[in-house]
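Here is a short report on one protein chain. Keep the sequence and the 3D view open while reading.

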Amino acid sequence: MAVRRTRDGRRDLAVLLLGFALAARRSELRLLDWTDLEEVEEGLAVEVWRPKVNHEGPLGVPFGSSPATCPVRAVRAGAGA
C-alpha cells in the first residue's frame, strides 16, 4: 500500500486506525499526543479526553487480528517515522 511509504502516510493511517479502535470523535483525536499513548503487553493504553463520557483511566486498544489493520502496529510504525 503506497500510503505507508511516507512518514505522513504512516501517521495518517495510525490516526485513522486508532480513531476507529477507540470510537473517537475528530475532536478527541485532535487532542491526542504521543504522551497519551502507553504500550502495554496487550496493546496500547490511551488516555483520551472525552467531554461527553465519564470514564476513569486509559482506554485499552488491543492488537488487531490482521497486521494490515492493527492500530497498535500502525501507531508503532507512525512513531518510528
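## Ground rules

Contact here means heavy atoms within 4.5 Å. This is a predicted model: local features need pLDDT of at least 70, side-chain atom pairs count only at pLDDT 80 or more, and totals for chains, interfaces and linings use all residues. Residues are numbered from 1 along each chain as its sequence is written, and side-chain values use heavy atoms, with hydrogens and water left out.

Helices (H or I, at least four residues) and strands (E, at least two) are DSSP runs, numbered from the N terminus.

## Confidence

pLDDT is the predictor's confidence in each residue, from 0 to 100. The mean for the protein chain is 86. Of its residues, 86% reach 70 or more. Among the elements, β2 has the highest mean pLDDT, 95. The lowest, 87, belongs to α2.

## The sheet

Two strands pair if DSSP finds at least two bridges between them. Three strands form an open sheet in the order β1-β2-β3, with antiparallel pairing. β1 and β3 stand at the edges with a single partner strand each, so one side of each has no neighbour in the sheet. Neighbouring strands are turned by 30° against each other on average, direction ignored.

β1 and β2 are joined by 4 bridges. A hairpin links these two strands through 2 residues. Val-40 has Gly-43 of β2 as its bridge partner. Glu-38 stands opposite Ala-45 in β2. Ala-45 also stands opposite Gly-60 in β3. β2 and β3 pair over 4 bridges, again antiparallel.

## Helix α1

Helix α1 covers residues 7–22. The expected span of a helix is 1.5 Å times one less than its number of residues. With 16 residues, α1 should therefore span 22 Å, and its end C-alpha atoms are 22 Å apart, which agrees.

Which residues of α1 are buried? Buried means under 20% relative accessible area, exposed over 50%, and partly exposed in between (1.4 Å probe, protein chains only). The buried residues are Gly-9, Leu-13, Ala-14, Leu-17, Leu-18, Gly-19 and Leu-22. They pack against α2 (26–31), β1 (37–40), β2 (43–46), β3 (59–62) and α3 (71–79).

## After the helix

Ala-23 follows α1 and has a positive phi, near 55°. Ala-24 lies in the loop between α1 and α2. Leaving aside neighbours within four places in sequence, Ala-24 is in contact with Gly-19, Leu-29 and Arg-50. Ala-24 and Arg-50 are 26 residues apart along the chain, yet their C-alpha atoms are separated by 8.6 Å.

## The nonpolar core

A nonpolar core is a set of buried Ala, Val, Leu, Ile, Met, Phe, Trp, Tyr and Cys residues joined through side-chain atoms within 4.5 Å. The largest one here has 15 residues. Leu-18, Leu-22, Leu-44, Val-46, Val-61 and Val-75 touch the most other members. The elements that give two or more residues to this core are α1, β2 and α3. α1 gives the most, with 5 residues.

What does Val-46 contact, leaving aside its neighbours within four places in sequence? Its contacts are Leu-18, Leu-22, Leu-32, Asp-36, Leu-37, Pro-58, Leu-59 and Val-61. Two of these, Leu-18 and Leu-22, are buried residues of α1.

Technical notes
Axes are lines fitted to C-alpha atoms, for helices over the stretch in contact, and angles run from 0 to 180 degrees between N-to-C directions.
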